[in-house]
Amino acid sequence: TRPFDPHAIKRDFPILQQSVHGKPLIWLDNAATTQKPQAVIDRLTHFYEHENSNIHRAAHALAARATDAYEAAREKVRRFLNAGSVKDIIFVRGATEGINLVAQTYGRRHVKEGDEIVVTHLEHHANIVPWQQLAAEKGARLRVAPVDDTGQVILEEYEKLLNPRTRIVALAQVSNALGTVVPVKEMVAIAHRHGVCALVDGAQSVSHMAVDVQTLDADFFVFSGHKVFGPTGIGVVYGKKDVLAHLPPWQGGGNMIADVTFEKTIYNGPPERFEAGTGNIADAVGLGAAIDYVESIGMEVIARYEHELLVYATQRLLTVPGLKLVGTAAEKASVLSFVLDGCRTQDVGAALDREGIAVRAGHHCAQPILRRFGLESTVRPSLAFYNTTDDVDALETALKRIQSSRGYRL
Ligand code: PMP
């Protein structure tokens with residue numbers, strides 16, 4: 001690991017060196033997607049210049065290189081999550097596809113009419129809709145663990161929802177809309193005490209904190225490469241070995257089979273059983289490079305720095321007249337969701353954009369939790385380890401200007 005200097009880190013990200021609308025770009029939309037360090041861009045270029053081939057199937061030098069690179073990336077993911085085996089790591093397109101995979105394999109097999117699936121009020125639509133679809137197909141019921149006024153899950157209410165009909169709980173580790181860090185380890189343990197399978201959605205957690213799937217003990221853990229400084233179009237499902245071993249395949253096609261006749265197909269074991277067709281080989285390799293990059297800094301170092309930056313940013317934002325933070329849980333990561341008195345969120349977003357500051361304004365694909373707070377939309381800056389107190393100061397200054405010239409309307 002190298003000494004932590006956010007200014008030096010920012011220089012590793014070529015996209016952050018540009019100006020937008022004549023202002024230096026300040027990227028505070030990390031919950032939507034993160035930027036890519038030069039090391040990831042170089043790794044993708046190297047793959048296409050020297051290694052590109054389909055994997056597993058052909059016996060020539062490039063096939064061997066591509067296969068080695070792809071499987072090395074799987075090992076990097078395994079290490080990143082501290083999974084027991086590379087066979088527990090399935091490559092998919094992203095968190096959304098990962099949750100759908102679990103809903104359509106584990107869910108279809110185990111959820112029956114009258115059964116229940118538990119989610120929290122904080123979930124991203126990606127961790128609601130696939131369960132809703134499954135529930136509709138099976139005649140099952142979706143139940144929702146409520147949150148308190150800070151945006152934290154109420155553990156006692158969650159536990160009360162679990163009963164002999166519960167088959168699956170699906171929980172975000174960090175809320176993308178409010179930044180709440182959810183006590184998923186405890187919640188998984190509670191699920192297991194009731195004999196219930198647990199999926200943890202790590203889309204917003206893996207870039208901000210060290211994750212150990214063995215300590216977490218979740219049956220499934222999913223995340224997206226693009227939110228952890230890797231490419232789009234690549235993501236991961238971790239599954240416990242004995243859970244994956246008993247899952248039916250998902251999509252059918254090449255790569256996931258051991259033998260095919262017109263009468264019968266014998267499927268491969270995990271992870272190939274769940275990776276039908278040609279996968280996103282280059283981007284898996286790029287994700288491996290992203291993991292190497294964050295590990296060269298260290299997740300503990302990143303988490304500590306970001307925590308300090310979030311505390312600083314929270315204090316600064318609270319000095320903006322009329323600003324109301326939404327989501328004030330004691331434990332948060334990265335996200336600062338807010339509304340500004342007398343200003344439409346879209347207008348605030350557009351006005352910040354004119355200052356070169358990129359934030360998201362909208363419902364963040366998490367409408368239920370915003371509506372829990374009586375809102376349809378918030379402004380949502382979200383921090384990463386390449387952000388600095390200068391970025392936060394620029395945000396504060398811009399917001400104060402917007403607020404004082406209220407009615408900055410489009
Ligand atoms: N879950 C959470 C908590 C998210 O924040 C997101 C992305 N905003 C997703 C799932 C879905 O990720 P993706 O769009 O990369 O599949």
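Reply: In α11, residues L309, Y312, A313, R316 and L317 meet T389, V392, D393 and E396 in α14, where contact requires C-beta atoms, placed from the backbone, to lie within 7 Å. The residues of this contact divide into five nonpolar, one polar and three charged. The model is predicted: local features need pLDDT of at least 70 and side-chain atom pairs count only at pLDDT 80 or more, while totals for chains, interfaces and linings use all residues. Residues are numbered from 1 along each chain as its sequence is written.

Me: Why is α11 called roughly parallel to α14?

Reply: The axes of α11 (residues 299-317) and α14 (residues 389-404) come within 10 Å and cross at roughly 15 degrees. Axes are lines fitted to C-alpha atoms, for helices over the stretch in contact, with angles from 0 to 180 degrees between N-to-C directions. Angles under 35 degrees count as roughly parallel, over 145 as roughly antiparallel, 65 to 115 as roughly perpendicular and the rest as oblique. The crossing angle therefore makes α11 roughly parallel to α14.

Me: What is the handedness of the crossing of α11 and α14?

Reply: The crossing is right-handed, a term used if the near helix is turned clockwise from the far one by less than a right angle, anticlockwise being left-handed.

Me: What makes α4 roughly parallel to α5?

Reply: Helix α4 (residues 95-110) and helix α5 (residues 129-138) have axes that come within 9 Å and cross at roughly 25 degrees. That angle is why α4 is described as roughly parallel to α5. The crossing of α4 and α5 is right-handed. Here I99, N100, A103, G107 and R108 in α4 meet P130, W131 and L134 in α5. By class, this contact has five nonpolar, two polar and one charged residues.

Me: Which strands are the edge strands of the open sheet?

Reply: The open sheet has seven strands in the order β4-β10-β9-β8-β7-β5-β6, with mixed pairing. Two strands pair if DSSP finds at least two bridges between them. β4 (89-92) and β6 (141-145) are the edge strands, as each pairs on one side only.

Me: In which sense do β9 and β10 pair, and over how many bridges?

Reply: β9 (residues 220-224) and β10 (residues 235-239) pair in the antiparallel sense over five bridges. S224 stands opposite G235 in β10.

Me: Which residues come nearest to the ligand?

Reply: Of the 13 residues around the ligand, G94, T96, N176, A203 and S224 come nearest.

Note on methods: Helices (H or I, at least four residues) and strands (E, at least two) are DSSP runs, numbered from the N terminus. Two residues are in contact if their C-beta atoms, placed from the backbone, lie within 7 Å. Ala, Val, Leu, Ile, Met, Phe, Trp, Tyr, Cys and Pro count as nonpolar, Asp, Glu, Lys and Arg as charged, and the others, Gly among them, as polar. A residue is near a molecule or strand if its C-beta atom, placed from the backbone, lies within 6 Å of it.
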